[in-house]
Amino acid sequence: MPSPNQWRATELGGGAVCQTADEASLTLRPGPASVYHDAQISDYSATARDFANEPPLRLELRARAHGEIGGTAGFGFWNHAFAPGERGFRLPQALWFFFGGPENEISLAKDVAGNGWKAATFDARNWRFRAILPFAPLGFLLMRSQWLYDALWSFGQAAIGVSEVALDSALLADFHHYSIEWRAGSAVFAVDGEVVLRACRVPGSRLGFIAWIDNQYAIVTPQGRFGRGLLDIPQLQSLQLREISITRL
């Protein structure tokens with residue numbers, strides 16, 4: 001694993017990354033919605049997608065945020081499915097702590113809000129999702145019935161490998177210890193040593209570590225609502241990370 005000052009830094013628009021021996025600070029300066037603003041660190045090349053992380057392993061770090069985050073922010077593992085300004089798209093895979101501001105509506109888990117601070121996994125590259133993908137247009141129509149959504153969406157959620165739990169967004173105001181223990185076929189998420197999510201359907205392929213803050217939002221719902229866009233940044237906002245470690249188990 002890289003030492004804390006050897007992560008790959010990405011700075012787009014008003015994004016800035018400051019790394020020291022024991023901390024990485026990801027900051028967005030005020031800016032307009034006409035520009036994609038992003039500050040992130042990762043352990044892979046976005047072009048090569050040379051992912052090095054696979055189970056069994058444990059990610060641990062301490063994190064807090066400053067300012068009111070309007071876009072998205074978080075840390076964990078994913079397959080770099082897409083990014084604004086880049087060509088190409090991959091069916092997404094992730095295990096991460098994720099924050100979505102109020103404009104976000106990523107509603108893939110029953111009874112979990114489509115925005116806010118959460119621990120989450122998804123794996124749209126598994127065979128279950130590929131099997132139902134041809135029937136997605138019909139599924140979107142069916143899910144517009146509340147009765148059918150209540151009765152059937154648990155099967156769709158399982159097919160996408162989605163496990164989520166909402167966390168108190170007030171946690172972001174101060175440093176807290178976060179961990180993801182990723183094993184073959186399962187993952188355990190904890191905050192300050194307390195387990196908040198146990199997921200039994202998780203990606204099994206290699207993924208890249210990422211921590212980021214940006215000004216984009218996304219809308220993805222079982223009813224077929226899709227959208228994405230960029231938001232104004234009215235004031236300075238940042239994500240600070242300390243004591244990042246990725247340990248093989």
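Colleague: Is Asn104 buried or exposed, and at what relative accessibility?

Modeller: A residue is called buried under 20% relative accessible area, exposed over 50%, and partly exposed in between, with a 1.4 Å probe and protein chains only. Asn104 has a relative accessibility of 1%, so this residue counts as buried. Before we go on, please keep in mind that this is a predicted model, in which local features need pLDDT of at least 70 and side-chain atom pairs count only at pLDDT 80 or more, while totals for chains, interfaces and linings use all residues. Residues are numbered from 1 along each chain as its sequence is written, and side-chain values use heavy atoms, with hydrogens and water left out.

Colleague: What is the average pLDDT of the chain, and which elements have the lowest and the highest mean?

Modeller: The predictor's confidence in each residue is given as pLDDT, from 0 to 100. Where pLDDT is low, the predicted coordinates should not be read in detail. Here the chain averages 91, and 96% of the residues score at least 70. Among the elements, helix H1 (residues 127–132) has the lowest mean, 80, and strand S11 (residues 176–183) has the highest, 98. Helices (H or I, at least four residues) and strands (E, at least two) are DSSP runs, numbered from the N terminus.

Colleague: Where is Asn104 found, and which residues is Asn104 in contact with?

Modeller: Contact means heavy atoms within 4.5 Å. Asn104 is found in the loop between strand S7 (93–100) and strand S8 (105–106), and, leaving aside neighbours within four places in sequence, its contacts include Gly70, Thr72, Asn115 and Tyr217. A polar contact is a pair of N or O atoms within 3.5 Å, where within protein one must be able to donate a hydrogen and the other to accept it, and residues adjacent in sequence count only if both atoms are side-chain atoms. The side chain of Asn104 reaches the backbone nitrogen of Ala218 at 3.0 Å.

Colleague: How should I read the pairing of S11 and strand S12?

Modeller: Strands of a sheet pair through backbone hydrogen bonds, either parallel or antiparallel. Two strands are taken to pair if DSSP finds at least two bridges between them. S11 and S12 (residues 186–191) pair in the antiparallel sense over 6 bridges, with Ala190 in S12 as the bridge partner of Ser179. The hairpin of S11 and S12 has 2 residues between the strands, and Gly185 takes a positive phi near 90° there. S12 also pairs with strand S13 (residues 194–199), again in the antiparallel sense, over 5 bridges.

Colleague: In what order do S8, S15 and S16 form an open sheet?

Modeller: The order of these 3 strands is S8-S15-S16, and the pairing is mixed. S8 and strand S16 (226–230) are the edge strands, each pairing on one side only.

Colleague: How many residues does the largest nonpolar core have?

Modeller: In soluble globular proteins, nonpolar side chains tend to be buried together. A nonpolar core is a set of buried Ala, Val, Leu, Ile, Met, Phe, Trp, Tyr and Cys residues joined through side-chain atoms within 4.5 Å. The largest one has 42 residues, and those with the most contacts inside it are Phe75, Phe97, Phe209 and Leu241. The largest share of this core, 5 residues, comes from S5. A second, separate core of 22 residues includes Leu108 and Phe122.

Colleague: Which strand is Leu57 found in, and why does Leu57 count as buried?

Modeller: Leu57 is found in strand S5 (residues 57–66), and Leu57 counts as buried because its relative accessibility is 2%.
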